[in-house]
Amino acid sequence: MTSTLAQKSAKATQGEIDMTRHYSAFSVFREGLKGHKGWAPLWRSPAPQDAYDVIVIGGGGHGLATAYYLAKNHGIRKVAVIEKGWLGGGNTGRNTTVIRSNYFYPESTRLYDLSVRLYEKLSRDINYNVMFSQRGMMVLTHSEAEMEIASRTVNAMQINGVDAELLDVKDVQKKAPILNYRSDARYPIHGAIFQGRGGTGRHDAVAWGYARAADQQGVDIIQNCEVTGFLIEGGVCKGVETTLGKIRSDRVGVAVAGHSSVLAEMGGYNLPINSYALQAFVTEAVKPVMDTVAFSPMTGSYFSQSDKGGLVIGGGLDRIPSYAQRGNTPTQETVLSGIIEMAPALAKVKLLRHWAGNVDVSPDSSPLIGPSGTQGIYINCGWGTGGFKAIPAGGYVFAHLLATGNHHDISRPFDPDRFRTGRLLDEAAGSGIAH
Amino acid sequence: MQRFSCPFCGLRDEREFHFAGEAGKTRPDTTQDVSDKEWANYLFFCKNTKGPTREIWVHTTCQEYFIMERDSVTMEVLGTTAMRKDTA
Amino acid sequence: MTGHRIGTRGLLDRSKTLSFRFDGKTYQGFQGDTVASALLASGVRIFGRSFKYHRPRGVWGAWFDDPNAIVDIKHGGVHYPNCQATMTQLVDGMEVRSVNAWPTAQKDLKGILDLAQRFMPAGFYYKMFMWPDWHLFEPMIRKMAGIGTLSADVQDDFEAAILHEHCETLVIGGGPAGLTAARAAAKAGKSVLLIDDHPDFGGSSYRYPNDAAEGPSYWVAEQLSAIEDAGGRVLSSTTAIGVYDHQAVSIVTDRGLGTAPVVRKLRPDNVIVATGAVDRPVTFSNNDRPGVMSLDAGAEFLARFGVLVGQQIAILSNRPDAHDVAAQLENAGAKVDLLDPKSDPAKAIGYRNLKGVRVAGHTYPCDTILASAGLTPLVHLWRHAGGKLDWDEGRQTFVPSTGPDWMRVIGGANGTYERSAVEEEARSAALNTSRPERHVYSISPLLPNTKNTEGRQWIDFQHDVTLKDVALAHRENMVSVEHLKRYTTLGMAGDQGKTSNIAGLAAMADLKGQRIPEVGTTTFRPPFVPVPLEAYRGASRDTQVAPLKRLTLEPEHRALGAALGEYGGWLRPAWYGGDDEQSAVASECKIARDAAAIMDGSALGTIEVIGPDARAFVNFVYYNTMSNLKPGRIRYGFMLTESGLVFDDGVIACVDETRFIISCSSSHADAVMAHLENWRQDSFDPDRVHIHDTTQNWSTVTIAGPKARAIVDALGVLDTLDDFAHMTLRFGAFEDVPARVARVSFTGDSSFEVSVPNSAAVRLWQRAIAAGKPHGAGPVGAEALVVLRAEKGYIIVGKDTEGETMPHDLGFGAPRLRKSAAFVGDRSLHTENANREDRKQFVGLSVEDGEPKLPIGAHIVTVQNGERRSLGYVTSSHDSPTLERPIALALVSGGLGAMGQPVEIYHMGKTRRATITPSCAFDTEGARIDA
């Protein structure tokens, strides 16, 4: 089957078969009349070649975006993305889809706002609707003291050139009437930090869209192929060993959130990372009740409503370091009771499903982008709980690093050498916002 | 909900425990020269092993630190021991 | 009328008639009915509209496997969205409303959407709405989506604790398998808990009447009494929702409308899973029509509720026992056709009402189709526990294989349907003997035919996923089972794929030319059935979310008219008397500066360090040198994290060589205690140094101001206050209890902290207030204290410091350069970052005369290359009643070297000017401290 598909799409690129590749309302209409028989595959399923210019390990959002920007921005098309399972199957497909750049430090702002700006154009850039919904993101405050800290953050964001407003409780109520406005609440709402450009996206679509776009640029996406080791020759990485054989390349990028330390051990470098389970929850679909994203720092819980109608709920990390993609009941109780505290009207809504991803937690909760310490291997990891929103920027700067061997200005502060110099980028330190 | 065995108190709910880091790290003698790299390795870097691990945990209710061996994938607890042999 | 009530069958109490409304019409049912059975008995067929195409939908299953009949319910003023009609017990007076339909499910105006279905294949939204902008289309799509409607009213007034339950053997499912297992285990002496999610035990017993003359109800009752006689316990209306790490199981008991469900957690030695199996739909054209039901649903409605679901019934099934069901339905008065399900293409005829079914070129008139492509064992809990699955060719489904030894899956959940085999499995599981051979069972495959995708054949009813959608996913290379699920949304609806997964997998396997097990399954995620969020809340509500710490003296403060506020987890007096915070704080500041402030300092953390190595220990955990702190002396210092950051500040008193008393921030006492324990056990001999948190044992009354000495003298705690210097400690007695007095100050005035055991706190407070009165002294709350200390430039850690602040940023640089002994965080104070010249440093800010105070959170900014850049921010800002001008504290990059320099301040789009000053604005020589 795989080979047939590959043949078909090879023919299609030569224009021998008229397959529909471009997406638009018109093409959906036209295919609708033909019973949708003419849609081209989103990506090929090629067998790995012997060698590539760049190998990206990890077919999640970051890895696929990296491959796409390698091809698009740097003209490097002989690229393989190697994924041990199905593409988008890690944290890209397990998160709560929040996109925002409400950061405190200019270094973080530059990175995450690049991401928001790329997201703003992404659907048209890759001709795939990732449903970036800029419905706004609010961080609630529950006391006057928190309002003071909030104004510190809002000012920082404005100075750094990011849209930010300080909302009072009336503004909050207008945007999210379903929240808890009782004055005797344990955490009464005083106001919020609001970023209007923040919002949510369709997480799977980001992976699929980048994969399709990268594939169209000639990138080989190789699923069900696990890296079992690195080819190290004279201390230098020359490729990878996989369950489908050896694949050579002088430049290997590793973007495998949750398993970064496992690859590090194979590659002979160290990381300052612990893996934790991060849980997420979704309820049954209900008609629209929530038009923005709200996060309460006091309970650590946040939620939004998906386009399908389900309430998408998240909270803090589980407390036990873990490589298991499942969560623990104490955190479930903490997060869900926090949600009802935030929005008591949700008490009767039914939880449909909960799951967990494994995230890389770095000492300052900021990502690590840079040379790994083993020549030829570069890392993109440590995104903690916030990797999804950073996918376009993570791919953009990582592609730059892999293509040129040098940091993009935006990624330099995130080099792992900061743990030696002490120049940590601990957002929680300045903004009081958890990632 | 997991349960861990405090060497002093026995089986208790996971909520009573706190992860304190990987076992086997020694604080460098800071009265001597310690390189940036050595200090960063001690302070930040870790193995983060997938599978059987050896970690330091604290039972917050009795405040005793102890060593726990467990599997970071299956969550199976392989054993717990007091830090000092004479108190176990 | 299609469905109707017959004879006397069922578990109903027919003496109790209940009345309810559905889409505005009144209906009747009996006690024991579900909403679905009562409506079916009244001939209602259309319960709602489908999610995407607004197709009319009726009941498919009779219990949790029904994906279609979702309704909103109002009862007792409370709104319950997205209720499964098949699982909701009928209550008198309930208001039932169909979802996704307007005005009613019967006549839904959006039904017209179905005509546009060809332009809405799986994932169509990924391919369009990009131009001009997704935001243009999203609101419309959101409005179309969603199922039930949520009331915006607060609906959380129902409380339920999360309980803990204990048993040796948990049996999940009270059908023939579960009842048999529970009875055998209880008889063998195990403590048994048997649960079943129905209000009545019995499971499938009623569908399969045995030969015993007494009937299934008698058999069920007999088992239950045997279980209870042997000491076993049973819980009905209780569902096991998930199995978690370390053998934990959560079960939820539905207590009906008007209250919250109860979660119980337990950790049994053995778990026996007897959750049964459900029918999977047959994939044929228009197989989603109201009136197409599962085979078991037809049997179940008859057996439990005495409802015959149709008059003229066609059965399409490969199940060998389809004949038995047919016979029962015929006995009940229906005309039944058993049709060959394999001759395709079958097609249901009729739109709102089913008119017939076309099979092999022949149309059979019918009002109901009972369909089953075989049974799917409910293996969810087995998978939660880490059990593996095998594809069973004979059963055409996945069955449990290897897994945890403490869990056994029996009966339908194990693919075992034959009664004697079920009972053998049950007894073996109960006694934990070796598992019997899997019973031979074989059905002919009845799978979706991907060669023939004519018409529309539903795979997932609720989410409107058809066979064509699976084919499209395959065509587009969305062939991984997870991609199939996520792309088409197959299996993501309320039933979580219980009905749809196997057909979806089978179709994809067929398209890929693979066997079904090669395609694999998606992960089985808890909860097993949807559970209201409130069930997870337990007692964590209102104040219980995070209980406040309360002061011994709280009643005294209330008596004095204190406004209480939360400070670092403690409920403390913010100010005294009246609602006017501003004037109260100003007058308290004046009292403090002119006479004396009498303050409750009990929330301050108090930790004792005791033992022969106590001195070495405090020298190690403090940034400041403590090796030379003499007995009776007190020193101010910082504790750092190992990263060199300021963790806490406060004073430490040396009582003698082996005893020190640490004061730490009130919000921080627990964290400081944990921090100290960590280092004690890491770097010291724990037998030679002990630490002890005494915060909760002592109360402290702080008297600070020019008249403080006279007031403290009047308390008689110490014989004399002569030569009692600032930063020293003395012990005395207050009346009959020991007391200690520390001369430390957080206001800059002469100050005494008098500490006594809690038992004497009220007396001490009252004596101090009385003694202060003649001097003009009075109670002072936390808000005034914050102003008083800001006038002096004293920091509050966490407010005037941030997560980057090191002690040298606060002007305390000496130990970093001079302390020779090792201490926590020492090496981190010498990194490149610690040596940066542009570090944010702690300074004061002043404004021009007549200007208002600076806003807290405003930034100090500079402009470089046309871009504004932050240099730091205002951390504290007050109108100082003492100085009669605004004061402010700030962290400013390079601030300590920029005294007197003007800076630009940015706040919410506006800028103004200020000047960098020393942080101390009042009594800069410190003359008042010993006055």
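**Interfaces of chain A with chains B and C**

The UniProt annotation "domain: GCVT N-terminal", from an unreviewed entry, covers residues 556-813 of chain C; such positions are given in the numbering used here, feature names are shortened, and annotations may be inferred rather than shown by experiment. This is a predicted model, in which local features need pLDDT of at least 70, side-chain atom pairs count only at pLDDT 80 or more, and totals for chains, interfaces and linings use all residues. Residues are numbered from 1 along each chain as its sequence is written, chains are lettered from A and ligands numbered from 1 in the order in which they are written, and side-chain values use heavy atoms, with hydrogens and water left out.

Trainee: How many residues of chain C are in contact with chain A?

Mentor: Contact means heavy atoms within 4.5 Å. On the side of chain A, 100 residues take part, and on the side of chain C the number is 109.

Trainee: What area do chain C and chain A bury between them?

Mentor: Buried area is the accessible area (1.4 Å probe) that two parts lose on being put together, summed over both. Carbon and sulfur atoms carry 56% of it here, and the total is about 9,100 Å².

Trainee: Which residue of chain A meets C:Glu138 in a salt bridge?

Mentor: A salt bridge requires a side-chain nitrogen of Lys or Arg within 4 Å of a carboxyl oxygen of Asp or Glu. The rule finds 10 of them across the interface of chain C and chain A. For C:Glu138 the N to O distance is 2.8 Å, and the partner is A:Arg135.

Trainee: Which residue of E32(C) is the bridge partner of A:Leu351?

Mentor: Strands (E, at least two residues) are DSSP runs, numbered from the N terminus, and two strands pair if DSSP finds at least two bridges between them. Strand E17 (residues 350-361) of chain A pairs with strand E32 (residues 531-532) of chain C in the antiparallel sense, over two bridges. In E32(C), the partner of A:Leu351 is C:Val531.

Trainee: What area is buried between chain A and chain B?

Mentor: Chain A and chain B each give 26 residues to the contact. Carbon and sulfur atoms give 54% of the buried area, which is about 2,200 Å².

Trainee: Which residue of chain A forms a salt bridge with B:Arg15?

Mentor: Across the interface of chain A and chain B the rule finds one salt bridge. Its closest N and O atoms are 3.4 Å apart, and the partner of B:Arg15 is A:Glu333.

How values were computed:
Helices (H or I, at least four residues) and strands (E, at least two) are DSSP runs, numbered from the N terminus.
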